[in-house]
Amino acid sequence: MPKTQYVDPAVMRAPGKITFNDIPMNQYNKTIEEEKANYTTEDFMRIYRDMAICREFETMLFQIKTQSTYGGDIQYTYPGPSHLSLGQEANAVGQAYMLDENDFIFGTHRSHDEVLAKGLSAIHKLDEASLMKIMETFDDGKVLKAIEKHTDASNVKQLAIEYFIYGITCEIFARETGFHKGLGGSMHASFLPFGIYPNNAIVGGSGPIATGAALYKKENYKKGIVVANAGDGAVGRGPVWESMNFAAMDQLKQLWEESKRGGLPILYNFNNNNYGMGGQTRGETMAYEFLARIGSGITPTQMHAERIDGYNPLAVIDAYRRKKPLLLNGEGPVLLDVLTYRTGGHSTSDAQVYRTKEEVEAWTALDPLITYRQALVDANVAGDAEFEDLLKYSKDLLYKTTKLAVDESVSPYADLKNDKQFIENLMFSKEKIAKFDDREPEVLAPKSECPRVKQIEGKERFVGGGKKVSKLKTFNYGDALFEAIIDKLYEDPTLIMYGEDVREWGGAFAVYRGLSDVIPYSRLFNSPISESAIVGTAVGYAMAGGRALIELMYTDFLGCCGDEVFNQMAKWQAMSAGCVKMPVVLRLPNGSKYAAQHSQDWVALAAHVPGLKVYFPATPYEAKGLLNLALNGSDPVCFFESQRLYNNGEEFHEGGVPTGYYELKEGDLDVIKEGTDLTILTMGATLYRAMDAVKILEEKYGVSCEVMNICSVVPLNYDQILASVKKTGKVLLTSDACTRGSFLNDIAKNITDLAFDDLDAPPVVVGARNWITPPFEFDEFFFPQASWIVDAVNESIMPLPGHEPIANYTPVEAIRRAKESV
């Protein structure tokens, strides 16, 4: 969109051809003798030790899962998931060898090896003082205290190894002494102090999140690279492709500031074991023939793609040694197709009917723990006895840590019987954090020099009471959002904003208009039309330590990023037991005028999912106060807006929208008008139609109405609602959401349960019809109108003398509509 990038028809229409470079495949061919220049004997043996620990760890889980026993006398039944990476140890250890604690890894449901290898590598590289500090401070030292009295470790490094293996094992076994109190489990294991970020149970789910962590590193000048681990089956998922494109966007090299120019420092590591679950990728479910080929479809550099022999740890190390500098120099992203093989099934329940015994035996014969060992023996690096010692060390280590992990006196489960709010207290962090870094925010000019700031200074901040103000001079809903946003941009240097067409265009509804005059490209940029990447990268950005304000152009596009909102954004604070925060604000404009796929109210979807806060302001006063609240917090917020309201001024709060900073109290309803006969609860733009109905009810029928707007949907303060219902005895709820499944139904049900004795009539919900949203010309037949509200009062709450209803709110009609699914 920037005018500096001229789309020249002569260039675009010129004849030519697109060329590709050859993609290397399994090119590593060095001997151990040649590699002795790069590795000491200790290095060679540590690589083997780490592979052996990974193998024994997965062997332990396999035996526990299938036989409920391990080591001869350990008896334990584990009911959870077990997606083992037996056979894939070499690629994990090779990857970790070149990484340190500043490098982040993200993984999959099958990432135990990657977690273990990264942890063992970090322990090797960190000094003893740093390791002790991590163990003593993580979770207030609880994991360390659990194991300390049961260890005979002779040094800090060995203690750290036992601590780490124990903490991961406890996490998988759902123990409170797990690194995330057992709430992450097998498929979500992590340990942030070592740069091990949460693994993901959704295939390809780590792709956008890892990309967001890489964005955080680039945006905030942080050390290290990010590795997004995925299986070959993940290549079939849209979010993975969206993420790779996002990491390589042209703007990163052409439009961002010089200090941040270049691709994101991320390596997409595809652990290619040739199977998705039972589906074979090459030859059956994919079209690429060789996975490394897909890099050619993303960037002119072909993502520096290579296929690497993941059965040789030295080949993997060689690749990372060559690729890491590219990433640190802004030449990312990079793609590695790391060939490997899982000798076990997809999970322990897998009968493996999709492959032959001969195939498994052929790969097992090439087992890296055999072939790498033999190569070292042949090169006189060590003798067989030394390898046997390492295998015994691994067995002893896993026996000791497993025995402690299954012992409830040492490793208890969280006591939910006595601490009934244990998980509840982890759902939200509820912190007020003004900024996530102390450096000065990067801006192009002082805030006072922003043309829009100057423009809105003279606008009228209150237009109620019959005041006549032109639209151009009205401080409106959009201005209120803008004011909260620009204030936070000048306070929190980590705050970034992106979405479709948000920079020069200012967003589809002009909320960001004027920000490009004062905010650099890297903090406000146009994303691809990639909703999964928009939300998923924001999750990763926040997880890594920043704050993100993102936008979907229409609420309807939630369907394109359902996983990222409902499974990722909502869940990581609790699944990590509070180790990560999620300061992501997702703006969601509810539409009108644009029919069925652009005009829906999906508040109920977000409100249904635990872990999300949901706000829906209907006035400029609410909009600024709630966005301030969201942007100053540490929790994920779905921030709904109505496209009908962007030009509305403040009609209800005398004094108008304050120029300074303020927050609304979370959970509270906004009392628009007090009354004594009927409580009307509104959500979104129906507030204004409800006020039209109130005028009819009061002036024509003498019904005194109390109107409260539900601007904080989750959480919600029922005390206010119940106090009003106790006073009026009657309640009507209205929003633009389709009535069936509306969140208002949930509120109505709760009112009935909590205030049954105070009600003179059942609560009534007035919502949109259960149809597709028709064209704008038929709005009055689909969305709640003032007349509908009056009719509903007459039909279902109290008879209005002389009233002739237009809409049908009788029980007979309600039954008919339900029977017809409308």
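Where is the place of Ser 821? Ser 821 sits in the segment after helix 29 (811-819). This is a predicted model, so local features need pLDDT of at least 70 and side-chain atom pairs count only at pLDDT 80 or more, while totals for chains, interfaces and linings use all residues. Residues are numbered from 1 along each chain as its sequence is written, and side-chain values use heavy atoms, with hydrogens and water left out. When you see a helix (H or I, at least four residues) or a strand (E, at least two) below, it is a DSSP run, numbered from the N terminus.

- A quick bit of background: most residues other than glycine have a negative phi, and most peptide bonds are trans.
- Ser 821 isn't a glycine, yet its phi is positive, about 65 degrees.
- Ser 821 is also partly exposed, with a relative accessible area of 48%; here buried means under 20% relative accessible area, exposed means over 50%, and partly exposed is in between (1.4 Å probe, protein chains only).
- Gln 352 is another non-glycine with a positive phi, this time about 55 degrees.
- You'll find Gln 352 in the loop between strand 7 and helix 14 (357-364), and it is partly exposed at a relative accessible area of 22%.
- The peptide bond from Gly 332 to Pro 333 is cis, with omega near 0 degrees, and Pro 333 lies in the loop between helix 13 (313-328) and strand 7 (334-339).
- The bond from Val 714 to Pro 715 is cis too, with omega near 5 degrees; Pro 715 belongs to the loop between strand 17 (712-714) and helix 25 (718-728).

**An open parallel sheet**

- Strands of a sheet pair through backbone hydrogen bonds, either parallel or antiparallel.
- Here, five strands make an open sheet in the order 3-4-5-7-6, and the pairing is parallel; two strands count as paired if DSSP finds at least two bridges between them.
- At the edges are strand 3 (104-106) and strand 6 (306-309), each pairing on one side only.
- On average, neighbouring strands of this sheet are turned by 25 degrees against each other, direction ignored; the axes behind that angle are lines fitted to C-alpha atoms, for helices over the stretch in contact, and angles run from 0 to 180 degrees between N-to-C directions.
- Strand 4 (residues 226-231) and strand 5 (residues 266-272) run parallel and are joined by six bridges, with Asn 229 having Asn 269 in strand 5 as its bridge partner.

- Strand 8 (residues 496-499) pairs with strand 10 in the parallel sense over four bridges, and Tyr 498 stands opposite Ile 550.
- Strand 10 also pairs with strand 11 (residues 584-590), again parallel and over four bridges, with Ile 550 opposite Leu 586.

**Helix 3**

- Helix 3 (residues 41-67) has 27 residues and spans 38 Å from first C-alpha to last, close to the 39 Å expected at 1.5 Å a residue; that expected span is 1.5 Å times one less than the number of residues.
- The helix is mostly covered, with 19 of its 27 residues buried.
- Just after helix 3 comes Ser 68, with a positive phi of about 60 degrees.

**Helix 15 and its cap**

- Pro 368, Leu 369, Tyr 372, Arg 373, Leu 376 and Val 377 are buried in helix 15.
- Looking down the axis of helix 15, the buried residues fall within an arc of 150 degrees, so they line one face of the helix; the arc is that of the directions from the helix axis to the C-beta atoms.
- Among the elements covering those buried residues are helix 3 and helix 16 (384-405).
- Asp 367, in the loop between helix 14 and helix 15 (368-378), caps the N-terminal end of helix 15, with a side-chain oxygen 2.9 Å from the backbone nitrogen of Leu 369.
- Asp 367 is buried, with a relative accessible area of 11%, and it touches Arg 55 and Tyr 311, not counting residues up to four places away in sequence; contact means heavy atoms within 4.5 Å.

Definitions and conventions
A polar contact is a pair of N or O atoms within 3.5 Å; within protein, one must be able to donate a hydrogen and the other to accept it, and residues adjacent in sequence count only if both atoms are side-chain atoms.
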